[in-house]
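Biologist: I have the model open. Can we go through a few spots in it?
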Amino acid sequence: MLTESDLQRYEQDGFVVPDFRLSNGTIESIQRSHRRLLTKYPQFVDYCPTLLSYDVSFLDYARNDGILDMVAQILGPDIALWNSSFFAKPPKVGSRTPWHQDGEYWPIRPLATCSVWIAVDDSKMVNGCLQVIPGSHQRRELKNHHVNKAAGLALPLELDADEFNESEAVNIELEQGQISLHDVYLMHASEPNQSDQPRRGMTLRFMPTTSIYRRDIEMKMGGSALAQQRSLFLMRGRDVSGENDFRVRSIAHS
């Protein structure tokens with residue numbers, strides 16, 4: 001469980017690294033699952049934005065009671081998993097993730113998500129760990145972003161330079177098996193992996209079921225395939241909104 005100090009830090013800074021670690025067996029299982037994914041879908045060597053659309057077995061890692069307990073402390077007892085991604089960052093070729101806020105991409109209304117970031121390898125400055133600007137979530141608003149079509153980027157949207165001060169950034173360095181949790185409005189980024197070591201990280205995206213995953217908004221945002229194929233999974237409690245669609249979809253078999 002998150003301590004009172006952890007919860008205060010999450011509220012103040014927008015992220016927290018709890019005193020929690022996944023077992024070596026779980027990490028080895030995630031690595032095997034990732035290798036299986038790449039064997040079947042080699043195009044995801046650097047980044048897979050929707051794991052569960054291609055291999056629903058990754059859902060097992062989101063069922064970890066320790067993780068769900070912590071997420072429930074932040075979001076409340078009624079929570080759904082609406083996405084999982086894999087940021088692989090292979091040695092020497094791992095992409096840069098530009099400064100952004102996750103909520104700029106997501107059709108969730110009201111906008112609310114706690115992201116769990118799992119270090120499948122050690123995640124350090126040298127191999128492109130997550131960088132965040134503490135407290136940048138507090139105003140609960142999305143800042144201006146623009147499209148950046150430069151090569152070598154994992155994501156296309158980037159915060160306008162006058163919307164943040166990069167000198168305030170801190171690195172979230174994690175050992176293999178550790179996790180961090182961060183808020184939907186938190187400004188964050190990561191540098192490319194220019195080291196000889198991989199920097200694999202898996203994300204689990206949870207939302208309170210007082211919010212609705214709006215597929216109509218996703219369509220307007222240009223994500224028509226994902227709007228039709230992304231699955232939501234009720235992990236704890238009930239769908240308070242009564243409007244979320246929990247039918248399981250699969251891009252891989254559509």
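Biologist: Which backbone atom lies 2.7 Å from a polar atom of the side chain of Gln178?
Modeller: The backbone nitrogen of Glu175. Bear in mind that this is a predicted model, where local features need pLDDT of at least 70 and side-chain atom pairs count only at pLDDT 80 or more, while totals for chains, interfaces and linings use all residues. Residues are numbered from 1 along each chain as its sequence is written, and side-chain values use heavy atoms, with hydrogens and water left out.
Biologist: Is Gln178 buried or exposed?
Modeller: Gln178 is buried, at a relative accessible area of 16%; buried means under 20% and exposed over 50%, with partly exposed in between (1.4 Å probe, protein chains only).
Biologist: And what is Gln178 in contact with?
Modeller: Beyond its neighbours within four places in sequence, the contacts of Gln178 include Phe20, Trp117 and Glu173. Contact means heavy atoms within 4.5 Å.
Biologist: Switching to helix 2. Which residues are buried there?
Modeller: Ile27, Ile30, Gln31, Ser33, His34 and Leu37. They sit on the same side of helix 2, because they cover an arc of only 160 degrees around the axis, taken from the directions from the helix axis to the C-beta atoms. Helices (H or I, at least four residues) and strands (E, at least two) are DSSP runs, numbered from the N terminus.
Biologist: What is exposed on the other side of helix 2?
Modeller: Asn24, Thr39 and Lys40.
Biologist: Last one: where is Leu130 found?
Modeller: In strand 7, residues 130-132. Leu130 is buried, with a relative accessible area of 8%.

Note on methods
A polar contact is a pair of N or O atoms within 3.5 Å; within protein, one must be able to donate a hydrogen and the other to accept it, and residues adjacent in sequence count only if both atoms are side-chain atoms.
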